[in-house]
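Me: I have some questions about this model. Please show it first, and then we can go through them one at a time.

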Amino acid sequence: MCKPLARVFLALVALCAFLPSAQGAPSLALETIVQDGLHQPLFLTHAGDGSGRLFVVEQEGRVRIVRDGKVRAAPFLDITTDVLAGGERGLLGLAFHPRYRDNGRLFVNYTRKP
């Protein structure tokens, strides 16, 4: 189950709709993308592969897939045995190669266990 702070985080990272206001300055809109199923989410991204999947980085070392408002049961990536998590440490970032659809390459930033 997502903690309330995680829900706020996910609503904020899904804040991609910039709509012009009457004065021409951008206005913002929030959208909840998932209610439950994540633990310590830190980052949200997409692969740029046209699949519609969203990828959520969990601090403990998992990358979870969100699609149609639901978290898939199996993680996309699970490196929890290699990650030293807690405080400012853990799986902290994820970037997909610009040609991920063709080459399947991605990059992660994490704190490694000794």
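Me: Which residues does Q59 touch, leaving out those up to four places away in sequence?
Reply: The model is predicted, and the contacts are computed from it. Q59 sits in the loop between strand 4 (54–58) and strand 5 (62–67). Beyond four places in sequence, Q59 touches H39, Q40, L42, V83, A85, G86, G87, R89, G90 and L91.

Me: Is Q59 buried or exposed?
Reply: A residue counts as buried under 20% relative accessible area. Q59 has 9% relative accessibility, so Q59 counts as buried.

Me: Which backbone oxygen does the side chain of Q59 reach?
Reply: R89 is among the residues that Q59 touches. The side chain of Q59 comes to 2.7 Å from a backbone oxygen, and that oxygen belongs to R89.

Me: Which element gives the largest share of the largest nonpolar core?
Reply: The largest nonpolar core has 11 residues, including V83 and L91. Strand 4, strand 5 and strand 8 (91–96) are the elements that give two or more residues to this core. The largest share, three residues, comes from strand 8.

Me: How many residues are in the other core, the one with L38, L44, V56 and V71 among its members?
Reply: This core lies apart from the largest one. Its member V71 is in strand 6 (residues 70–71), and V71 counts as buried because its relative accessibility is 19%, with the cut-off at under 20%. V71 also touches L38.

Definitions and conventions:
Residues numbered from 1 in each chain as written. Predicted model: local features only at pLDDT ≥ 70, side-chain atom pairs only at ≥ 80, totals over all residues. Heavy atoms only, no water. Helix = DSSP H or I, 4+ residues; strand = E, 2+ residues; numbered from the N terminus. Buried < 20%, exposed > 50% of the residue type's maximum accessible area, 1.4 Å probe, protein only. Contact = heavy atoms within 4.5 Å. Polar contact = N/O pair within 3.5 Å; in protein donor to acceptor, adjacent residues only side chain to side chain. Core = buried A, V, L, I, M, F, W, Y, C linked by side-chain atoms within 4.5 Å.
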